Amino acid sequence: MQRFYISILCLFFVCSTACQKQQSSDRPNILFILADDLGYTDLSCMGSTFYETPNIDRIANEGTNFTNGYAASRVCSPSRASIMSGKFPARHDITVHIGSPSGEDWRKRNRFTKLLPAEYQHNLPKVYITMPEALKQAGYKTFFTGKWHLGDKGSWPENHGFDINVGGWSSGGPRGGYFSPYENPKLENRKDGENLSHRLAKETVNFIQENNPQNTGKPFFAYLSFYAVHSPIQTTEEKWRKYRDKAEQQGVAQSAYKMGKFLPIRQTQDNPVYAGLVEQMDEAVGHVLSALDELGLEKNTIVVFTSDNGGVAAGDNFSTSNKPLRAGKGYQFEGGIREPYFIKIPGLSKRGEKIDYPVSGTDFYPTLLELAGAQQLPQEHNDGINLVPLFKGKVLAERALIWHFPHYGNQGGEPSSIIRRGNWKLIHYYEDGRNELYNLSKDLSETTDLTETHPDKVQELNKELFDYLTEVGAKFPIPDPEYSETQAIEFLHKMEYDKMPALEKQRMKMLSNEFDPNSNWWGSKATVD
């Protein structure tokens, strides 16, 4: 009799374990793909006629495209912290890219500005329960590869909920460039000339293969965070040639730059090196999507694709244009914050659906928790909302999106805060306290300031913006007592009459048949298959 009871208990245990494994494996896997500095119109599916991105386009075409999708900041670290925390930058206090000088240290940049930028948090606070931590608690195996840039050692991916970290550390750019050998303590060099984007895709595929839920019974959260298309821009001679010829076929404009307030801003998409860099990232995305197909996981894997801020139209490598959006990375205009924002949910997304409801990087956290069947954590993702009702055809209440950037960007943006509610967007500038008001449904390019004709709307939005900033204890820039108008004018003169002509000359050199960056094309010719 005792043996009978033991047999019954063993059978119960086996059945219970099998049921738990089946229940766990039925939960969706999550592949989150984050590009760095990719602009709103840097994809074929978003209107580019120059760049070619069939694999990323596939995600948009098979899933949902949020046409009013936004990064939570105009630069990388704040935006990335908002994805991890579900909080707007004013709340988590990483308000500029980590490493940017603040206070009096800003003077060392010789930008001769009226204000000294605010101080800010330099590490993602450990007191937060991050999105990967929440998913890990819900039973997910978590993986990170690529760019992190949310703090020094002790505040790397493995310290914030990722079981595995390959390549994520303090640096905000690809040290060593896009071809091995890399200068990355978290990414082993394997073969000289290996492409970085392709390597990160291979690491992601290896993780998925080794942690296939069909075998482990445990769903995965894989976060593929490309260093591309951040500077330095590099590609192979073959891809450069392809896009140089394409630019010539489309007709090369005589000039490509217009002067912004502080720096020249690129107006054309015809950079063949940048185009090759974009295509290499797209190839890497295709490699991962194909692996999901081959493993039979595409029907139970949510795929997210977005970028951390706008394309670099000024500063860094002056690489791209975000037109019809105004300006780009680092700026308070739509070109700095509006992003490709795609979510593919098997069984829920309508193929090729477009949703116009304004959404933010903060919304991924609660949305993915809902889709994972995990408990919502409103005390954590304070500024994000669950977007799942939108996929079901329901209507969500209008809410405000808020951006806070009390800094000068490397790209020429101004210290300012933004609020968008409905189609209205208000920008408050800290140099002189002025406001600008735009109706984005009628003026996507932000050409017509409506503050004079809609003073009530200005007052309403300004109050809501500063009520929020006061509530979260936001920090603000202060006047620089050493500001020199003479030095500022001299700087602007150099930018317009020295820098801009130099950029035009560099552009034409890159488009010439004789362009040769170095003997081995940044090491890409070192690859031995």
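At what angle do helix H8 and H9 pack, and how far apart are their axes? H8, residues 237-250, packs with H9 at an angle of about 120°, and the axes are 8 Å apart. That makes H8 oblique to H9.

A word on the model. This is a predicted model, where local features need pLDDT of at least 70 and side-chain atom pairs count only at pLDDT 80 or more, while totals for chains, interfaces and linings use all residues. Residues are numbered from 1 along each chain as its sequence is written, and side-chain values use heavy atoms, leaving out hydrogens and water.

Helices (H or I, at least four residues) and strands (E, at least two) are DSSP runs numbered from the N terminus. Axes are lines fitted to C-alpha atoms, for helices over the stretch in contact, with angles from 0 to 180 degrees between N-to-C directions. Under 35 degrees counts as roughly parallel, over 145 as roughly antiparallel, 65 to 115 as roughly perpendicular, and the rest as oblique.

Back to H8. Among its residues that meet H9 are Lys 239, Trp 240 and Arg 244, and on the H9 side the contacts (heavy atoms within 4.5 Å) include Glu 279 and Glu 283. By class, this contact has 5 nonpolar, 2 polar and 5 charged residues.

Now please look at H6, residues 196-210. H6 and H9, residues 272-294, pack at about 15°, with axes 8 Å apart. The two helices are therefore roughly parallel to each other.

On a 1 Å grid over the protein atoms alone, a pocket is an open set of points with protein on both sides within 12 Å along at least five of seven lines, a cavity is a set where a 1.4 Å probe fits but cannot get out, and lining residues have an atom within 4 Å of a point. The largest pocket holds about 380 Å³. Of the 23 residues lining this pocket, the closest to its centre are Ile 265, Gln 267, Arg 326, Ala 327 and Phe 333. Strands E8 (257-259) and E9 (264-266) each supply at least two lining residues.

As for cavities, the whole structure has 3 of 30 Å³ or more. The largest cavity has about 50 Å³ of space, and Trp 169, Arg 175 and Tyr 227 are among the residues lining it.

Methods: Grid points are joined across faces, edges and corners, and a volume is the space filled by probe spheres set on the points. Ala, Val, Leu, Ile, Met, Phe, Trp, Tyr, Cys and Pro count as nonpolar, Asp, Glu, Lys and Arg as charged, and the others, Gly among them, as polar.
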